[in-house]
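This briefing covers how two chains are arranged and how they meet.

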There are 2 protein chains.
Amino acid sequence: MLYIIGLGLGDEKDITLRGLEAVQKSQKVFIEAYTSLLSFGISSDGLSTLKEMYNLLQEKLYGKSITVADREMVEEKADDILLEATSSDVAFLVVGDPFGATTHTDLVVRAKKLGVDVKVVHNASVMNAIGVCGLQLYRYGETVSLPFFTDTWRPDSFYEKIQRNRKLGLHTLCLLDIRVKEPSLESLCRGKKQYEPPRFMAVSVAIEQLLEVEQMRGENAYTEDTTCVGFARLGSEDQLVVAGSMKQLLEVDFGPPLHCLVIVGDTHPVEEEMLDFYKLAKKQGQA
Amino acid sequence: MLYIIGLGLGDEKDITLRGLEAVQKSQKVFIEAYTSLLSFGISSDGLSTLKEMYNLLQEKLYGKSITVADREMVEEKADDILLEATSSDVAFLVVGDPFGATTHTDLVVRAKKLGVDVKVVHNASVMNAIGVCGLQLYRYGETVSLPFFTDTWRPDSFYEKIQRNRKLGLHTLCLLDIRVKEPSLESLCRGKKQYEPPRFMAVSVAIEQLLEVEQMRGENAYTEDTTCVGFARLGSEDQLVVAGSMKQLLEVDFGPPLHCLVIVGDTHPVEEEMLDFYKLAKKQGQA
């Protein structure tokens, strides 16, 4: 049996009792580092924090030795993991909900092809936890991803999607780029594996890129006065949620990753009332 | 402090460790029956099953006495609950994630107005758990709700939304109507409180209503050959997920509630591959 277990968004205490039971009865436990690196309050010293997290997971809570399955391992050695699952119970831990990312869908497909039984233990993901800001989840349009712009690569296909959502009065969740374990350009040239330090897009960078594209396109899909909600470390004890115009949010230091951004569409009274609690002027007034 | 704690979708074991800790340190624990009735494997004998669930929650797991806060209580007596939370820790348990429904947003707004601190413990909800069928969550358009048609009330505003999503190649999540603790017509006339038995819309009823509206409108937003995915008891041990055309799914007995339905948009290869595992012909072939 292969258990694919969502860990939720905060820390090791966000696993469900069902998930913990599955970990405890599994002979082998993997944690998907590619995704898990992205959460658990990683700062510039990301790797040591991650290591601390594993120690915590292993020693204090789950009582199991855990193998870190990084991006390469999941993509290249999935069959080894699945082979183990044919004859014993294997737990595969994933930050958030197992089906937030395509990688895990692919793992399930491979498992089913090999005749391995799969059980999924769901948990919170960004896709539903953004509900905390008060904007109703059923009033979101298509989700968009914002990639880091480079000097030569500035894709902007998200623009039409945001434009469409806004015309319909719908909210737009923007998932912000994450670069973990990217081979460095130098290492690609020399043929040995070295990696860039991890990068996480901040709310301010996302807004800068959005405004740059709006200026190029000039179709008024949104402006610097459009209301947005910025999120940092969603679901963690120290999460930060701030609502304001793009211009206002540009000036907010959201702190350590992960960040995400919602572009607000038309709002109903209950949504508006809740959003007010997160608005910048109000927050400053309370401080 | 008011803790609003998501219970997830399956049973009492889907609470997170963080949620359980909050329950354990709370002086008073409420469970929102209006929503919770909707899950936890309710059959025709819904109420006794719910009672069993409470007993289980109270005696075996959470070790606390739990007050059932039904729809009226939440709407009319919220201030009493909140008053308790000003001077002690109060846990308010909700099936799924706390922000799946507007009711809970409203409770948070009231709490904040009274100066009560609120902590939210997230969990899985239908909005992300539908990812299990392999359709990517970021490729869904606006969510729609299908209400039970009556002889005189047949609202069809969902039709345009589905049409729009499908034109864009996006998937549509259809939330199916739930009627719990609805006052009976007779009781409204006589002025004493009596309730209709709970009703939950089945996948087949949803499809019948969808096809009826399509026949009336005739704009080809979808047809009886459109691929859909039907879900029953999502996130539970005995969940059922079946993919097929509307015509095919009409004939499937999905069993006890809750049900929901996804109308499939354009699919990518990985989505298609995963969906294949749930397709009707394949399932029959495997049986």
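In this predicted model, chain A is superposed on chain B by a rotation of 180° with 0.0 Å of shift along its axis, at an RMSD of 0.0 Å (least squares on the C-alpha atoms of residues with pLDDT of at least 70 in both). The two copies are thus related as by a two-fold rotation axis.

**Interface extent**
- Contact (heavy atoms within 4.5 Å) links 51 residues of chain A with 51 residues of chain B.
- Because 100% of the interface residues of chain A are also interface residues in chain B, the copies meet through the same surface.
- Chain A and chain B bury about 4700 Å² between them, 60% of it on carbon and sulfur atoms (accessible area, 1.4 Å probe, that two parts lose on being put together, summed over both).

**Make-up of the chain A side**
- Elements that each supply at least two residues to the side of chain A touching chain B include α1 (17-25), β5 (118-121) and α12 (269-276) (DSSP runs, helices H or I of at least four residues and strands E of at least two, numbered from the N terminus).
- α6(A) gives the most to that side, with 7 residues.

**Conventions**
- Residues are numbered from 1 along each chain as its sequence is written, and chains are lettered from A and ligands numbered from 1 in the order in which they are written.
- Local features need pLDDT of at least 70, side-chain atom pairs count only at pLDDT 80 or more, and totals for chains, interfaces and linings use all residues, while side-chain values use heavy atoms, leaving out hydrogens and water.
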